[in-house]
Each structure stands twice: as C-alpha cells, then as structure tokens.
Amino acid sequence: APFTSQMEEADLLRGSVCRSKGGSSGFKVAILGAAGGIGQPLSLLMKMNPLVSVLHLYDVVNTPGVTADVSHMNTGAVVRGFLGQQQLESALSGMDLVIIPAGVPRKPGMTRDDLFNINAGIVRTLCEGISKSCPHAIVNLISNPVNSTVPIAAEVFKKMGMYEPKRLLGVTTLDVVRANTFVAEVLGLDPREVNVPVVGGHAGVTILPLLSQVKPPCSFTTEEISYLTERIQNGGTEVVEAKAGAGSATLSMAFAAAKFADACLRGLRGDADVVECSFVASEVTELPFFASKVRLGRMGIEEIFSLGPLSEFERSGLEKAKKELAQSIDKGIRFIRK
Ligand code: NAI
C-alpha cells in the first residue's frame with residue numbers, strides 16, 4: 001500500500017467525494033522519478049492539470065516529502081506517493097498515462113549516450129513493471145538517451161508480450177519548445193505563436209528542426225538557418241554548461257513534458273486534431289523509430305505524418321541524423337536482446 005499521512009488520508013477522502021460528484025471524468029497519471037529535478041516541477045504541473053483525477057508519484061527516494069507538499073495544492077487531482085521498487089506495482093496499477101523522467105542527467109562534457117548504461121537498466125525495470133500492472137497505458141519516455149531508451153522500452157514490452165507501438169512515445173517536446181523560442185527571438189514574434197516541427201531524434205545532429213516548415217510562414221537567411229539549427233541541436237548542452245555540474249534542463253523540460261502529457265490526455269479524451277512531434281515506432285524513414293509529427297487520439301498515436309517537402313539543407317541534415325540514429329537505436333535493441 002502507498003504511504004499516507006493522516007492529512008493525506010483526509011485529502012484522499014475529500015478527493016473521492018469530489019470525484020463521485022464529478023462522475024468518472026479525469027485520467028490516472030503516474031510519474032516515475034517524481035522526486036528528481038524534472039519529476040518535482042512536473043508533479044506540480046500535472047497536479048494543476050484539470051484532466052488529471054489521480055496522480056501517482058513514484059521514486060526510489062524522497063517521494064513522501066514531494067507527495068505531502070504537492071498534495072496540499074487545492075486542485076482536483078488526488079495525489080498518492082510510492083517509495084521504492086516494492087511499491088512500483090501499486091504505483092502503476094490502473095494508470096492511463098505513465099510519464100518517465102527517472103534516471104541520471106548529464107554533466108558538462110558528457111553526451112546523452114554517456115548516460116546509457118545506468119538509464120537503460122532503470123528504463124528496463126520500469127517498463128517491466130508497466131507490462132505487469134498497466135500494459136495498456138500510454139507511456140511518455142523522457143529518460144535519456146531517448147534515441148536508445150525508446151527502442152529499449154519497445155524490446156522489453158515485446159519480451160513481455162505486451163508491446164503496443166501506438167502507446168509508446170519518446171518525449172522530444174523540449175526540442176520543439178526551444179525551437180519555437182529561438183525562432184521567435186530571431187523573427188521578433190511571440191513564441192506562443194510560432195510552431196517549428198522538429199524531427200529525427202533527441203540528441204545532437206539527430207535533432208532536425210524543419211525551418212522550411214515554420215508556422216507562421218517565414219523565410220530565413222543562410223546564416224540564420226545555420227545559427228538556429230545549431231542552437232536548437234545544442235540547447236541541452238547550453239543548459240548543462242550553465243548549470244556547471246548541477247545537472248541538465250529540468251524546469252523547461254518539466255514544462256515541455258507537461259505540455260506533451262496534456263496533449264496525450266486530450267487525445268485520450270477524444271479531442272480532434274491533437275498534433276505533437278514525438279520519437280515513435282515509425283515507417284516515415286527506413287529506420288524503425290523516428291521523431292515526426294503525430295496525431296494523438298483515444299488509442300494513443302492515431303496517425304504519423306510524413307516529413308513533407310524538405311530544403312536542400314534539411315535533406316543533408318536528415319542523412320546525418322539517420323546515420324547516428326541508426327546506431328543509437330541498434331544499441332538500445334542490443335541491450336535487451338544480448
Ligand atoms: P535527477 O537525477 O534530478 O532525477 C532523476 C530521478 O530519478 C531521481 O529522483 C532518482 O531518484 C530517480 N530514479 C533513479 N532510479 C530510479 C528508479 N529505478 N526508479 C524510479 N526513479 C528512479 O535527473 P533529472 O534532471 O530529473 O533528469 C532525469 C532524466 O531525464 C535524465 O535521464 C535526463 O537525461 C533526462 N532528460 C530528458 C530530456 C528530454 O528532452 N527528453 C531533457 C532533460 C533531461
């Protein structure tokens with residue numbers, strides 16, 4: 001059973017009363033790695049999401065404190081905390097959406113691939129738990145290197161006989177969030193009005209912003225294109241270096257993860273035209289996984305959009321991206337099949 005303080009018990013009671021009044025609306029969401037740098041602000045943002053009726057916070061450390069704290073917010077979601085692997089099953093049971101920001105972040109000088117060994121093992125354990133306790137949940141995978149952890153998750157689910165490719169999504173929203181911000185800065189626009197598709201993967205040259213498809217339609221000089229592409233690809237490193245050993249992006253990441261999770265929930269609810277970029281099992285290229293625009297619905301991914309017309313610069317970027325991506329995907333698959 002999850003730990004509950006007396007106050008939380010009262011909150012739970014009040015929550016169930018509210019829910020019985022409101023009918024069965026709302027979704028059950030679990031955050032795995034909820035006490036971390038991303039996990040904490042993400043817990044806060046999901047507690048504020050009106051589509052969430054139950055929020056389960058799971059980590060191997062510090063969840064009692066985070067749960068007590070977040071549970072005092074007078075928003076609709078009932079919050080429960082779960083600590084340590086013996087509580088993973090109860091944390092996951094009955095969940096509609098599972099968000100995974102568990103794992104170690106980068107330090108200066110590290111690439112996302114340097115995190116591979118530790119995070120691969122964590123993702124494997126958590127996905128085994130999902131297969132057992134909520135095999136039909138939508139999974140939002142944040143743990144890096146996403147280019148390898150998504151293939152790892154797919155292999156674990158296959159092994160367990162529970163693979164639903166339409167429900168496994170690698171979170172690349174931070175690349176889109178950064179692209180929108182940096183492009184808006186160059187164009188002198190409101191960043192909320194800019195939409196830049198970012199395809200490929202989620203590391204270095206695999207991050208491919210399609211500046212030829214920016215909405216609203218606009219044009220860039222050659223210098224702007226190379227400045228923007230490079231800044232978007234290295235946005236993560238910009239933060240890692242500024243934090244100087246204290247980790248990687250957590251606040252902007254929590255914002256991006258909350259935005260993506262909200263899109264998944266709106267899809268589950270049946271909203272029309274919910275489209276986000278995500279790293280998913282795909283036939284858009286010859287690679288088994290690729291990030292592109294996807295339409296989200298009641299089943300998870302309902303449509304994967306092709307890349308559309310690319311500029312010369314983007315076509316050559318795509319070749320570079322695919323080369324690195326192929327290796328990262330293969331590394332993930334081999335980690336489980338070995
Ligand atoms: P953090 O170290 O602050 O937090 C990670 C949390 O995971 C900790 O609370 C830790 O106790 C927990 N954890 C470790 N092992 C666990 C397990 N077996 N089960 C459940 N929880 C476990 O790290 P931070 O900054 O929150 O980053 C988390 C991950 O997200 C890293 O892998 C990082 O590279 C990745 N990330 C991904 C981004 C993306 O765009 N997809 C952007 C930024 C970071």
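1. Helices here are DSSP runs of at least four residues, numbered from the N terminus. Under that numbering Arg178 sits in helix H7, residues 173–187. The model is a predicted one. Arg178 is buried, because 26 other C-beta atoms lie within 10 Å and the cut-off for that class is 20 or more. Leaving out residues up to four places away in sequence, Arg178 touches Ile232 and Gly235.

2. Arg178 is one of the residues under the UniProt annotation "binding site", which comes from an unreviewed entry and also covers Arg106, Arg112 and Asn144. Arg112 belongs to the loop between strand E4 (97–100) and H5. Arg112 is buried too, with 25 other C-beta atoms within 10 Å. Beyond residues up to four places away in sequence, the contacts of Arg112 are Arg106, Asn144, Pro145 and Ala203. Two of these contacts, Arg106 and Asn144, also carry the "binding site" annotation.

3. For "active site", UniProt lists His202, again in an unreviewed entry. His202 is in the loop that runs between strand E7 (198–200) and strand E8 (207–209). With 27 other C-beta atoms within 10 Å, His202 counts as buried. Apart from residues up to four places away in sequence, His202 touches Val146, Asn147, Gly170, Thr172, Asp175, Ile207, Phe279 and Ala291.

4. There are 33 residues around the ligand, and those that come nearest are Gly33, Gly36, Gly37, Gly103 and Asn144. Asn144 is also among the residues of the "binding site" annotation from UniProt. By class, the shell has 18 nonpolar, 13 polar and 2 charged residues. Helix H5 (residues 116–133) gives the most to this shell, with 4 residues.

5. Helix H6 covers residues 146–159, and its end C-alpha atoms are 20 Å apart. That agrees with the 20 Å that its 14 residues should span at 1.5 Å a residue.

6. After H6 comes Gly161, with a positive phi near 70 degrees.

7. In soluble globular proteins, nonpolar side chains tend to be buried together. Here the largest nonpolar core has 100 residues, and Leu97, Val98, Ala153 and Ala257 have the most contacts inside it. Helix H10 (residues 251–269) supplies the largest share of this core, 10 residues. Ala257 touches Ile38, Leu42, Ile99, Pro101, Asn140, Ile142, Val171 and Thr173, not counting residues up to four places away in sequence.

8. UniProt, in an unreviewed entry, places the feature "domain: Lactate/malate dehydrogenase C-terminal" at residues 172–335. Over residues 172–335 the chain is 48% helix and 17% strand. The end C-alpha atoms of this stretch are 22 Å apart.

Terms used:
Residues are numbered from 1 along each chain as its sequence is written. This is a predicted model: local features need pLDDT of at least 70, side-chain atom pairs count only at pLDDT 80 or more; totals for chains, interfaces and linings use all residues. UniProt positions are given in the numbering used here, feature names are shortened, and annotations may be inferred rather than shown by experiment. Helices (H or I, at least four residues) and strands (E, at least two) are DSSP runs, numbered from the N terminus. A residue is buried if 20 or more other C-beta atoms lie within 10 Å of its own, exposed if 12 or fewer, and partly exposed in between; C-beta atoms are placed from the backbone. Two residues are in contact if their C-beta atoms, placed from the backbone, lie within 7 Å. A nonpolar core is a set of buried Ala, Val, Leu, Ile, Met, Phe, Trp, Tyr and Cys residues joined through C-beta atoms within 7 Å. A residue is near a molecule or strand if its C-beta atom, placed from the backbone, lies within 6 Å of it. Ala, Val, Leu, Ile, Met, Phe, Trp, Tyr, Cys and Pro count as nonpolar, Asp, Glu, Lys and Arg as charged, and the others, Gly among them, as polar. The expected span of a helix is 1.5 Å times one less than its number of residues.
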